Amino acid sequence: MANASAVRLLGQENYERLRSSRVLLVGAGGIGCELLKNLVLMGFGEIHIVDLDIIDLSNLNRQFLFRQRDIKQAKATTAARAIEHVSNSKLVAHQANIMDVNQFPLAWFSQFSIFFNALDNLEARRYVNQMAQYLRKPLLESGTAGFDGYIQPIIPGATECFDCTTKETPKTFPVCTIRSTPSQPIHCIVWAKNFLFSQLFASSGSMSADEDLGTDNVEEIERIRQETNELHELQELIRSGDKTRIRDVFEKVFVKDIEKLLAIEELWKAREKPTPLYNFKFDEKINKNLNTVWTIQEQVNAFVLATEKLMQRLSSEKQIEFDKDDPDTLLFVAAAANIRASVFKLPLKSVFDIKQIAGGIIPAIATTNAIIAGLSSLASLRVLNLLKNQPKANPTELNMAFTAKASNMSNNRYLSNPQLGPPNPRCPVCSIARGVLTLSQNDLDTMRLSELVGAVQEKYSYSGEVSVLDKSTQRLLADFDFEDLLNKTLAEVKVARGTILLISDEQDSEESIRAPVELYIEQGEPEGINLPDIEVPLIKPAVVEPDETNSEEGVSMPGEIILDEDDKNPKKRHLDDASETPAKKALKTEEEHVVILD
Amino acid sequence: MAAQARMRSAKVLLINLGGLGTEIAKNLVLSGVGFLSLVDNHDVSEGDLSTQFFLSKDEIGTKRLDSAISRIQDMNPRVTLTVDTEDFRQKPDSFYGQFDLIIATDVSTEEAIRVNQLTRKFNVPFFLCGLNGLSGFIFVDLIRFDATDEKLKSSVKTPLGALSQNREVVEVTEYLNEEQSEVYERIVTRNAYKPFEQVLKEGTLKGKLTKRQVKRLTNAVPLTFALFSYRDGYAAVTRHDLEQRATDACVQLGLPSENLKQEYVEQFSQQAGLEFAPVSAVIGGTVAQDVINILGKKQSPLNNFIVLDGISLDMHIFEL
Ligand SMILES: [Zn+2]
């Protein structure tokens, strides 16, 4: 069954190419679910979806492929199953970490025509970016935070890569840290706001008794039933409007659930155990000072009081959303967060502090994810040169896009769409010559590090000492005054499939040195060292302290390539009226307690 | 009333559940709109299956709405959905008076004008959106809308007065943000809107764009306008005829017609009214985000015309 709209848009020939393309989607969260739907509807022939995560309650209000019955199921497989009913694509789901080299060696990546990143963490984004660089495969990078979002096509060798501009580390927390093993006050605040509060007062996922659970496995059905029942019971307690039942809610959340966690012993091998809050009493003494840290008794009192008020409001409002300026919701979240912090022996905070932190938690917004996933899938057609009547675009004629209006950066542009810039010659990733070195199992077991280093020195004309760094683990394996490991075998120094070695010239020269080279170690048949044919240029050594603010033309920068100069003028990014792009904002730091939840 | 509560009491009508309607329905239901009425009298066709993820292969021939509704409801049981499989064109005028907001997708120019006349009559905010293959558009008529935005006060006080053709600052209040002990401004901007019919007749960009902006403006804008001139649908579109009409549209909009590119004319003549999933996602996401904003937070809304060029990803907002 041909996809009529795709045929009209792409033409028959390009449509056939689309049907025979295999693509990789990394991430099945907020952007990933949307992207999967688009790729399926467009008609890509085969789509592999990789995600290690399982579905959490907090995902349901924006990851539209997931339902309450799917909680604790793998995102990748559930997403694939949920879209199957319209799919003409072969869907292959992997519940796995994309950085697992045994499951996904470099060769595995090479089967795809394009990679789509729909990730929420920098480490995996960087990793896929590197794989794209090794294989020279296009990558469509994307990200959102609240109303900010961006997409960026990356064409290795021709356009900026993910690491060409510096990225700050975003603060994200794994679900299990929030749900089971908090170690900072903010974990408790996120739990109180995004889990407990939304479950009790803002949940939209109630489930009917005769719903199709999508499985026939009796144990599985029992597990889902139990989860759902517990959730139901809590919601029922709250919705009963019976204030005497607040005690039961308290018991469940701060005693029974904690006891359940304590029963999972492996969680507490290297952590301090929490202590359930037994025998709590409510004595009606209310502390009104929002700037001080209250006693645990005052927290309990505040919890009960806030719950009473919210229960009352629920009868008319149906659902209540957290709002830091809504005193009832703030008090509930602050008290619940502090009681949990006390259970886990973490410091308590004032309501005022919690207001600031909770207000800074950026929620994921379903519509932003939808828009960004739409743009990502749309942009892939031009990257893959599948559009009818459109001449093949030069990579730097392609556009990235980011939200402008929604990010309050422009009144007359909904999106900004600058053309892609050329690679940054000082990029720590894509400016480095790289290749794949395939070694046999036997060589890995018996070859000494010194043999490998010698071969590299000869092949790429390093005239003097070199240093060898295992980039995957940041271990130094050898340099001019560290030769202890040179006589060990590769296996002994843990060089194996997936290891990335960075070899740098250590020569003491002011004139020129050889640029560094990166080798991805692949395991395969042939014996001996068959180093890849890559050009490793001479560069100026890094002697001057770099002055970031003054990188004008004519000033040679450390590490700058002096051979093979390409004189093309780099296109300047033109932004309407702001210096900080949403792309940057979407990857922002914890400075202001920004937390990106997905 | 808090933003969420306003959302939850809102009654929204969505006309047609094609690819674009499906995206909007998904987003509004996920965001927890209170009442969503869907009106669509189409049967599921094979073409629907490449644009609508709430349908399934074995449902060809059934009513589109009947097939999709359980999957829509399943996303959020708390949203009250109303299903209407009658033809929206047969509805009495009063039908349109019962909603807080109306969104029309996949309708002809003639139909859009009529619905818009009724939304004006009953004072209901109106969104019109549609797709032309790789391109899509949004038209907004909120009649009059006061938006409230808050921002850190700069050294100069925000002055009262017109910002642009359709927008005017009518009130600025200063207040102290206790948490940051800094002075903020609460700015009320009055947005004026025009009905669709008037925009088609008189809308222009003359004097609103810089030379550079005019030069870089995507052909998707005059071509979208040219397609509006086929008032009863796109059966009569030919490449030559569309080019004529696009030239006329350039004259009205104040754009140089010599900038019209053959490949764009060709593309629009072949893709008039065609739905395509990724473009649905962008346009549907944008409409839903603004609808949620209008019903809840009431920050600066879209005013009043947007065109997406799916090739360059250009997406400007024009006041027409
Ligand atoms: Zn780079």
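Two strands are said to pair if DSSP finds at least two bridges between them, and strands themselves are DSSP runs (E, at least two residues), numbered from the N terminus. The views show a predicted model, in which local features need pLDDT of at least 70 and side-chain atom pairs count only at pLDDT 80 or more. Residues are numbered from 1 along each chain as its sequence is written, and chains are lettered from A in the order in which they are written.

**View 1. The hairpin of β11(A) and β12(A).** Strand β11 (residues 466-470) of chain A runs antiparallel to β12(A), and three bridges join the two. A:V468 has A:A478 as its bridge partner in β12(A). Four residues lie between the strands of this hairpin, where A:Q474 takes a positive phi near 60 degrees.

**View 2. A:D481 in the loop between β12 and β13 of chain A.** With a relative accessible area of 58%, A:D481 is exposed, a word used for values over 50% (1.4 Å probe, protein chains only).

**View 3. The open sheet of chain B.** Four strands make up this open sheet, in the order β7-β10-β9-β8 and with antiparallel pairing. Its edge strands, β7 (144-152) and β8 (161-162) of chain B, each pair on one side only. Between β8(B) and strand β9 (residues 167-177) of chain B, the antiparallel pairing extends over two bridges, and B:G161 has its bridge partner, B:V169, in β9(B). Strands of a sheet pair through backbone hydrogen bonds, either parallel or antiparallel.

Notes
Side-chain values use heavy atoms; hydrogens and water are left out. Buried means under 20% relative accessible area, exposed over 50%, partly exposed in between (1.4 Å probe, protein chains only).
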